[in-house]
Amino acid sequence: MRVLRVRRWMAALAALVVTSALAVAFVSSPAGAAGGTGTGYLHTSGNKIVDSTGATVRLTGINWFGMETDNRTFHGLWSSNPWRSQIDKMASLGYNTLRVPFSNDALKAGATATGINDFVNPDLVGNSPLQILDKVIAYAGGKGMRVILDRHRPTSAGQSALWYVSATPESTWIDDWKTLARRYAGNTTVIGADLHNEPHAEGTNPAATGSCWGCGDPARDWRLAAERAGNAVLSVNPDWLIFVEGVSCPSGGMSNIWDNDPSNDEDCGWWGGNLSKAGQFPVRLSVPNRLVYSPHEYATSVYHQAWFDDPSYPANMPAIWDRYWGYLYRQNIAPIMMGEFGTTLQSPIDKVWLQELMKYTGTGVNGMSFTYWSWNPNSGDTGGILKDDWTTVDQAKQSILQPYLIPPSGGTPGPSPSGDPTATPTATPTGNPSSCTSSYKLVNSWQGGFQGELTIKNSGGSALNGWKATWTMPSGVTLASAWNAVVTASGTTWTAQGPDWARNLGAGQSVTVGFTANGTAGQPSGVTCSGS
């Protein structure tokens with residue numbers, strides 16, 4: 001999805017013709033089917049996504065875009081809200097999966113990330129787009145979240161009807177996917193590849209030039225291209241899920257209402273949203289149980305489709321969703337993961353649409369998976385879960401989504417990608433070794449300040465309810481910022497308490513306390529912890 005969705009009007013026209021503070025990261029083993037995102041890598045079973053133990057997993061996530069744009073990294077890094085704090089908030093709201101749009105330009109050697117507030121996010125200064133992505137993945141994984149990588153654009157200039165353009169041929173598209181698959185192999189936080197965002201129609205029938213489904217033309221048949229790319233990815237990383245979106249018009253072209261030839265007219269839908277031919281022409285992958293279909297669905301703030309004016313609305317919508325993609329789930333053919341859906345919620349029609357769409361996905365762990373568009377407030381025709389300050393939650397949207405969200409639970413950060421210089425935490429003594437142990441990591445430093453992470457593990461045999469940690473910092477060091485917990489400093493004594501949503505620290509669990517400070521970099525000492 002573009003930040004400004006002006007590019008949707010052609011597909012929509014066709015559809016009308018025929019009918020987007022202090023880090024607390026629990027690092028115990030991920031939870032099973034009742035919550036979180038499961039254990040180990042994921043695969044499919046009928047219309048379910050299941051973990052390595054066979055437990056059903058429902059992905060209830062959010063899109064955080066920007067890496068597909070000229071900034072080549074996440075939007076909102078320019079705000080006063082630190083990047084870790086934003087991920088903390090996602091997890092606390094119940095989003096267990098992060099879909100990350102990117103363009104191939106962001107993967108190029110020498111690519112630079114721009115639009116970063118170096119005062120708020122000093123640890124990102126000088127990092128490449130991929131290095132920033134590495135950090136986001138590691139931190140999200142530490143919170144038990146999963147990450148889906150979405151090839152959103154072939155270049156940062158904009159989206160494309162086909163999966164390739166002259167500047168990014170199919171060979172580059174596939175090679176870049178294989179590079180990412182190798183980079184994150186073994187890291188169970190990154191679960192798969194959304195191969196290409198919103199393939200769609202272009203040109204007027206019968207002279208179609210856009211992405212078709214099942215037409216058999218290797219240069220235009222998105223189903224065949226998804227097979228080529230998906231199998232290439234699986235050849236180097238067989239553990240990944242392959243997410244395949246739909247097209248807009250199965251022919252790859254838009255209807256010509258002026259030719260008086262109804263044979264050229266067809267039922268078209270949203271860009272990426274039409275999987276009506278996937279039952280007849282399924283995507284065939286070399287590794288079984290890896291395919292997830294990922295349609296997109298939008299409201300009137302994107303385009304006022306004809307079906308919104310049906311006298312029976314919203315009772316007509318389940319049949320429409322069934323026709324375009326829901327049948328794949330209903331008939332137990334494959335799982336559905338709605339990769340994008342969203343609205344400004346300014347119209348009463350849209351509020352009803354979002355409520356009914358969420359009902360359609362089902363409740364609990366057995367419902368359809370989804371990633372809402374978007375976290376960002378700067379999506380031109382949907383807005384975001386965050387408001388323009390990049391901190392305040394749009395509660396009207398969140399309240400509709402909340403009953404369907406399954407929060408992440410537990411999590412272990414995956415291994416750092418090859419070549420990423422991740423420091424080894426240095427152990428520090430604790431004042432109460434029978435209750436907890438601790439280690440410290442200096443994340444970054446600059447003139448007059450530094451950023452650190454103190455990891456505290458409950459090494460006792462029972463939970464620390466209402467956990468609190470206290471330690472001593474070197475003289476002259478003062479607290480600058482912390483996020484998502486209560487942190488106080490009195491002279492050289494610092495105290496951290498668990499936030500309301502993570503007050504208890506179970507036996508064997510850990511928390512990672514992140515902070516920025518003024519003064520010369522120095523590590524905590526005399527760490528003690530207790531429960532209320």
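Trainee: Why is Ala106 called buried?

Mentor: This is a predicted model, by the way. Ala106 has a relative accessibility of 2%, and buried means under 20%, so Ala106 counts as buried.

Trainee: Where is Ala106, and what does Ala106 touch?

Mentor: Ala106 sits in the loop between strand 5 (97-103) and helix 3 (129-142). Leaving aside neighbours within four places in sequence, Ala106 is in contact with Met67, Arg72, Ala111 and Pro129. Ala106 and Ser128 are 22 residues apart in sequence, with 8.6 Å between their C-alpha atoms.

Trainee: Next, Thr204. Why is Thr204 called partly exposed?

Mentor: The relative accessible area of Thr204 is 37%. Buried needs under 20% and exposed needs over 50%, so Thr204, at 37%, is partly exposed. Thr204 is in the loop between strand 7 and helix 5. The C-alpha atoms of Thr204 and Met254 are 4.7 Å apart, though 50 residues separate the two along the chain.

Trainee: And Ser211, what makes that one buried or exposed?

Mentor: Ser211 has a relative accessible area of 0%. The cut-off for buried is under 20%, so Ser211 is buried. Ser211 lies in the loop between strand 7 (190-194) and helix 5.

Trainee: How do you know that the side chain of Ser211 makes a polar contact with Ala161?

Mentor: The Ser211 side chain reaches the backbone oxygen of Ala161 at 2.6 Å. A polar contact needs N or O atoms within 3.5 Å, one able to donate a hydrogen and the other to accept it, so this pair at 2.6 Å qualifies. Not counting residues up to four places away in sequence, Ser211 touches several others, including Leu162, Trp163, His200, Trp222 and Cys249.

Trainee: How are helix 4 and helix 5 packed, and what is the handedness of their crossing?

Mentor: Helix 4 (residues 170-183) and helix 5 (residues 222-236) pack at about 35°, and their axes are 8 Å apart. Their crossing is right-handed. On the helix 4 side the contact includes Trp173, Ile174 and Trp177, and on the helix 5 side Ala225, Ala229 and Val233 are among the residues.

Trainee: How many residues of each class are in that contact?

Mentor: There are 10 nonpolar, 1 polar and 4 charged residues. Ala, Val, Ile and Trp are among those that count as nonpolar, while Glu, Lys and Arg count as charged.

Trainee: And the whole protein: how many helices and strands are there, and what share is buried?

Mentor: The protein has 8 helices and 22 strands. Of its 532 residues, 58% are buried. The accessible surface is about 18500 Å², with 53% belonging to carbon and sulfur atoms.

Key: Residues numbered from 1 in each chain as written. Predicted model: local features only at pLDDT ≥ 70, side-chain atom pairs only at ≥ 80, totals over all residues. Heavy atoms only, no water. Axes fitted to C-alpha atoms, helices over the stretch in contact; angles between N-to-C directions. Helix = DSSP H or I, 4+ residues; strand = E, 2+ residues; numbered from the N terminus. Left-handed = near helix turned anticlockwise from the far one by under 90°. Contact = heavy atoms within 4.5 Å. Buried < 20%, exposed > 50% of the residue type's maximum accessible area, 1.4 Å probe, protein only. Areas by Shrake-Rupley, 256 points an atom, 1.4 Å probe, with all protein chains shown as cover.
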